[in-house]
Amino acid sequence: MMDLSGKNAVITGGTRGIGRAIALDLAGCGARVYALYARDRKSAEALEQEAGHKGLGIITIRGDLARQETFQASVDQVKEACETIDILVHAAASGVHKSAMELTDRHMRWTFDINFFAVHKLTVALIGKMKKGGRIIGVTSPGGERVIPHYAAIGASKGALEALFRHYARELAPQGIMVNLVCPGMVMTDAAQAFPQLAERLAMTLEYTPTGDLTRPEQVAALVRFLCSEEAKQIVGQTLVMDGGKGLLA
Ligand SMILES: NC(=O)c1ccc[n+]([C@@H]2O[C@H](COP(=O)([O-])OP(=O)(O)OC[C@H]3O[C@@H](n4cnc5c(N)ncnc54)[C@H](OP(=O)(O)O)[C@@H]3O)[C@@H](O)[C@H]2O)c1
């Protein structure tokens with residue numbers, strides 16, 4: 001088992017879905033995890049309770065990262081709690097599901113504020129706490145590269161995120177901080193439940209996925225854990241796809 005004891009991990013969107021699984025996994029390896037979230041206190045409390053039962057070190061921090069005041073309050077709490085940050089995972093995301101021609105400026109801003117601008121602001125705010133051996137991991141989606149119905153805003157934000165991370169990877173690798181992205185296929189989280197025409201989309205995903213399975217949050221977490229390992233330090237600036245092979249057929 002990987003030993004992350006003595007390490008601090010900050011995970012945005014760490015209280016629900018994929019981020020929650022990553023929080024539990026890294027904490028299970030001994031890391032002290034700071035799970036950031038926006039509004040849903042119940043999920044945060046449930047995670048803290050589960051962590052308490054399992055003897056894991058998970059601290060949740062509430063604050064909308066897309067709003068300046070609450071962003072700054074979250075950053076201040078993280079900085080005060082952590083002398084150094086070893087792992088930074090950007091899993092928080094939101095977005096408007098509409099076709100491209102229906103998207104207003106407001107829809108685009110809502111989506112980009114959390115999926116793109118908050119990621120960059122947080123990375124810049126915390127980079128001074130990161131040192132050699134650090135890892136920054138983003139969570140993107142197949143829609144960053146391909147067309148998914150009603151996914152224009154989120155897909156565009158993920159495409160921008162991927163481009164930004166290539167620059168992070170190039171700039172930070174000489175300092176020993178490795179930057180990568182994971183790209184899960186469809187994962188049945190609360191966010192996925194909100195997809196328009198969910199039943200059709202689910203059926204189509206399963207039909208076109210060679211393994212015949214959806215990706216599970218715990219599988220994504222295991223991939224993130226691997227990226228945090230010493231063995232993975234030559235992986236730089238990559239997007240690791242975990243979609244049961246669906247992308248092969250697109
Ligand atoms: N699910 C999929 O099929 C899928 C596929 C590919 C990629 N992804 C990516 O995987 C990541 C996680 O997705 P998920 O499906 O696990 O999402 P999810 O279950 O909806 O959880 C989203 C998390 O992000 C937090 N969050 C949202 N907006 C925020 C904000 N403004 N400030 C701070 N935190 C915020 C939420 O906090 P609250 O609980 O307080 O709302 C929650 O903890 C996302 O980047 C998503 O794009 C998902």
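Helices α4 and α5 are roughly parallel to each other (angles under 35 degrees count as roughly parallel, over 145 as roughly antiparallel, 65 to 115 as roughly perpendicular and the rest as oblique), and their crossing is right-handed. This is a predicted model, in which local features need pLDDT of at least 70 and side-chain atom pairs count only at pLDDT 80 or more, while totals for chains, interfaces and linings use all residues. Residues are numbered from 1 along each chain as its sequence is written.

| Pair | Residues | Axes | Angle |
|---|---|---|---|
| α4 and α5 | 105-126 and 152-172 | within 9 Å | roughly 20° |
| α1 and α8 | 17-28 and 217-227 | 8 Å apart | about 50° |

Residues are in contact if their C-beta atoms, placed from the backbone, lie within 7 Å. On the α4 side, the residues that meet α5 include Phe-112, Phe-116 and Val-119, and those of α5 include Ile-154, Leu-161 and Leu-164. By class, this contact of α4 with α5 has 10 nonpolar, 6 polar and 1 charged residues. Among the α1 residues that meet α8 are Ile-18, Arg-20 and Asp-25, while the α8 residues include Glu-218, Val-220 and Arg-225; by class, the contact of α1 with α8 has 9 nonpolar, 1 polar and 4 charged residues.

Notes:
Axes are lines fitted to C-alpha atoms, for helices over the stretch in contact, and angles run from 0 to 180 degrees between N-to-C directions. Helices (H or I, at least four residues) and strands (E, at least two) are DSSP runs, numbered from the N terminus. Two residues are in contact if their C-beta atoms, placed from the backbone, lie within 7 Å. Ala, Val, Leu, Ile, Met, Phe, Trp, Tyr, Cys and Pro count as nonpolar, Asp, Glu, Lys and Arg as charged, and the others, Gly among them, as polar. A crossing is left-handed if the near helix is turned anticlockwise from the far one by less than a right angle, and right-handed if clockwise.
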